[in-house]
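Let's take a walk through this structure together, one stop at a time. Have the picture at hand as we go.

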Amino acid sequence: MATPRKGKRKSPYLKDRHTPAAYEGETVTRRSLFTGGAMAAGGIASAAFGLPALGFALGPIFEDDTPGTFLDVGPEADFNTATYVPKVITIVPRGTGEAGKTTVYVRRSDPARDRDKLGQPYIVLTTRCAHLGCPVRYVQASERFICPCHGGVYEFDGKVSGGPPVRPLDRFETKVEAGRVSVGPRFSVNSKLERHSVRDPSNHLDGLWQYLYPPRPST
Amino acid sequence: MNFLPRTKRRSHDPTEENGKAENGNGSVDIPGVLHRGPGRNGATNGNGDGNGNGEGGKGKGRVDLPALGQQAAEVPISAISWLEERTGGSAIGRALLLRKVPGHDWSYTLGSAVMFAFLSQAVTGVFLAMYYDPSVTGAYESTRHLTNDVFLGELVRGMHRWGSTVMILLLFLHMGQTFFIGAYKYPRELNWVIGVVLLVLTLAMGFTGYLLPFDQRSFWATVVGVNINASGPVVGPYLADFLRGGSEFGATTLSRFYAIHMLLIPGLIGGLIAAHLYLVIRLGTTAPPWVKAAKKKELSKEEI
């Protein structure tokens, strides 16, 4: 074993220079090479199962899973401009049973009353409250939507009338084909009834608040 | 002095505990079972005595019952010493059970109470999982079946359901006790941090477990709970997507909650409880403020 030079050169790789088989002039000792190699192998092995598992769990965040399909809700004769008709549609088709269905409120658009620029022949409102997602109910006597959980109230066209909701009720795309009405993807609207991509309940779409809730890849 | 780490405390009073910590044959009076080596059995009946009796019994043609009884009494002792020789487990037992506690009252048992609540949740949860079906179409029906039809199902589910509330209640009491005693101070800050993480994980257990019966109440409560997560600025909607497994509340949501509830979080809680206990044993517990330093000698005489 070579006698180590003391204090001449300090390298982080050479702190094992007194160990057996270390020789003069080497830049990396055998021991530090094997230590680093074992750690790198362990890191690669952990990443080999850790990263795919993480991606597997987080994948749905980055994947657009909104169905682009239109679902039939009945003939045009079923609906009018004066009141909403509740219809049940399946929004999550795969293996969800009753939990994948939701009620929507359908009404024919009235040009005299609806001055929004959304261009939908029918107005289909979700029952999901824009506060925290409880199911709202339409009350014809007051022409209001009322949420049972925290007292949110919406006007006839879905705009917020009172309570904690932060934006109007979400709407669905609609189309009329061969006299039958069908309901397509959902979208969110702000207080001026301008269209945005789907947001979760409680996400603002007005004022400065809207910048805290940007559109996300899954919708 | 109590605030110093154990190693530093020991230097103040070397006779205090080196005797029993270092070797079992020291001056401290501990059960003979825990002594090592041939001197273990004491003077009354060694191995030679037992063998002699056995040979004598052959000649007389009958069994010597008292000698057999003595041999039988030896069995658990030798089993323990066999295990001890190979594992050194008694050191762990001594560290856990024979450590010094500087003044205490019943509120010092709250931590153990939380741990037993967790163990109760773990055991009842494992057995509930034997009957539970985490699918959207089967969850409610299997919960109804295990509650109403399975023998003792109502009791086991009830223990799990109410035990969750008990655990959170005890956890807050334990946290309050730690706070008011001042036990979070140096050198136990890290244990407080671990405890806070355990609190958050326990609340997450409550949140994810609430969905599993899949009745109207649990469904809509979870919808609201996920949307409360979504209300967080910027990251909130992504967190909600992670919890739901997509933008809509669907079939993956229930299985996701089930996996988080019974695999992910319990594993984390178990590991953190081990770390929590390790730090308690390493650093010792804090004396309550009303125990004066002058009384310390008197207290240590009472111990063991």
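Predicted model: local features only at pLDDT ≥ 70, side-chain atom pairs only at ≥ 80, totals over all residues.

Leaving aside residues up to four places away in sequence, V124(A) touches V104(A), Y105(A), V106(A), R171(A), F172(A), T174(A) and V183(A).

Where do the two chains meet? The contact takes 27 residues from chain A and 23 residues from chain B. On the side of chain A that touches chain B, you'll find 13 nonpolar, ten polar and four charged residues.

Now hop over to chain B and look for helix α8, residues 153-181. With 29 residues at 1.5 Å each, α8(B) should span 42 Å, and its end C-alpha atoms sit 41 Å apart, so the two agree. Follow α8(B) along and you'll come to a bend of about 30° at G163(B). Which residues of this helix are buried? They are V156(B), R157(B), S164(B), M167(B), L170(B), L171(B), H174(B) and T178(B). Several of these come three or four places after one another, and there's a simple background to that pattern. An α-helix has 3.6 residues a turn, so residues three or four places apart point the same way. The buried residues of α8(B) pack against α6 (110-129), α7 (139-148) and α9 (189-211) of chain B.

Just past the end of α8(B), G182(B) takes a positive phi of about 80°. A cis peptide bond joins Y186(B) to P187(B), with omega about 0°.

Why stop for details like these? Most residues other than glycine have a negative phi, and most peptide bonds are trans. A178(A), in the loop between β9 (171-177) and β10 of chain A, has a positive phi near 55°. A178(A) is exposed, because it has 6 other C-beta atoms within 10 Å. V234(B), in the loop between α10 (216-230) and α11 (236-244) of chain B, has a positive phi of about 65°. V234(B) counts as exposed too, with 11 C-beta neighbours inside 10 Å.

Definitions and conventions:
Residues numbered from 1 in each chain as written. Chains lettered and ligands numbered in written order. Helix = DSSP H or I, 4+ residues; strand = E, 2+ residues; numbered from the N terminus. Expected span 1.5 Å × (residues − 1). Bend = angle between axes of the 7 residues up to and from the residue. Buried ≥ 20, exposed ≤ 12 C-beta atoms within 10 Å, placed from the backbone. Contact = placed C-beta atoms within 7 Å. Nonpolar A, V, L, I, M, F, W, Y, C, P; charged D, E, K, R; others polar.
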